[in-house]
Amino acid sequence: MKNLKITALLASPLSFNYDILFDTLLISAKAKGLKMSDYEFNPENAINVQDIVRYLGDIPLCSKGFVKGIEGTAKYYKRFDEDSELFACNKKIETGKGKFKNYSNTINTIHSSEIIFYCFGDKEKISKLLEKVYSIGKKISQGYGIVREWKIEDYNEINWFDIDTPFRPIPCEMIESNNKNRKVVAYKFPYWYKGNKKLCYV
């Protein structure tokens, strides 16, 4: 295993409201084809990538995504055509509420040619898993975050516990620092599980 720089070359703008952590992409790729009933609601039996990346304790050495570009917004819609066959019935259909509600939602976007991740792991195994990752971020069904190509290259030493510019959420209990950029977030997968939330440098 070694330090790696992983670049996703993008074919469309990204949409995301939170840091995209590289281990979530690997876990998502690893989960494809698995029977999920054993994992879905059991955080103690969560999928991990310990055979692919190095962990320090229970923290995978996988960074968040670093991206620079032009920030903006976009809208996506759901609108039913009232002449559609869906409405060919005698019942009253309301498009102002319920499952037939029309809506127009705004999402945040960033136009960039790439997003960069860092990782300490097995280059060959990571490359194989990334063949299953075709898009990143939110609203991928709307065509956002499409990955055109993955590039993986060896990288020099990384200070994974540099609190001034954290590569990923680091629990404050691990390192003392005057850095005030702190937030209560999940520091390990599964990131939806409240039990994984701690005060972290971010």
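**Contacts and fold**

I started with contact range, taking contact as heavy atoms within 4.5 Å. Of the contacts in the chain with a separation of 6 or more, 72% are between residues 24 or more positions apart. The model is predicted: local features need pLDDT of at least 70, side-chain atom pairs count only at pLDDT 80 or more, and totals for chains, interfaces and linings use all residues. Residues are numbered from 1 along each chain as its sequence is written, and side-chain values use heavy atoms, with hydrogens and water left out.

Next I looked up secondary structure, read as DSSP runs numbered from the N terminus (helices: H or I, at least four residues; strands: E, at least two). The chain has two helices and ten strands. From the N terminus the order is β-α-β-β-β-β-β-α-β-β-β-β.

I then checked burial (buried is under 20% relative accessible area, exposed over 50%, partly exposed in between; 1.4 Å probe, protein chains only). Buried residues are 39% of the 202 in the chain.

**S112**

I found S112 in the loop between β5 (103-111) and β6 (114-121). Is S112 buried or exposed? S112 is buried because its relative accessible area is 16%.

I looked for polar contacts (N or O atoms within 3.5 Å; within protein, one able to donate a hydrogen and the other to accept it; residues adjacent in sequence count only if both atoms are side-chain atoms). The S112 side chain reaches the backbone oxygen of K68 at 2.7 Å. A polar atom of that side chain also lies 2.9 Å from the backbone oxygen of E114. Setting aside neighbours within four places in sequence, I list L10, V67, K68 and G69 as contacts of S112.

**Cysteines**

I searched the whole structure for disulfides (cysteine sulfur atoms within 2.5 Å) and got zero. C62 is buried, at 0% relative accessibility.

For C172, the closest cysteine sulfur is in C200, at 6.3 Å, again too far for a bond. C172 is buried too, at 14%.

**Cavity**

I ran the cavity search last (1 Å grid over the protein atoms alone; points where a 1.4 Å probe fits but cannot get out; lining residues have an atom within 4 Å of a point). It gives one cavity of 30 Å³ or more. I noted its lining as I59, L61, W160, F161, R168, P169 and I170. Six of the lining residues are nonpolar, none polar and one charged. I used these classes: Ala, Val, Leu, Ile, Met, Phe, Trp, Tyr, Cys and Pro nonpolar; Asp, Glu, Lys and Arg charged; the others, Gly among them, polar.

Notes:
1 Å grid on protein atoms, 1.4 Å probe; cavity = no way out; pocket = protein on both sides within 12 Å on 5 of 7 lines; lining within 4 Å. Points joined across faces, edges and corners; volume = space filled by probe spheres on them.
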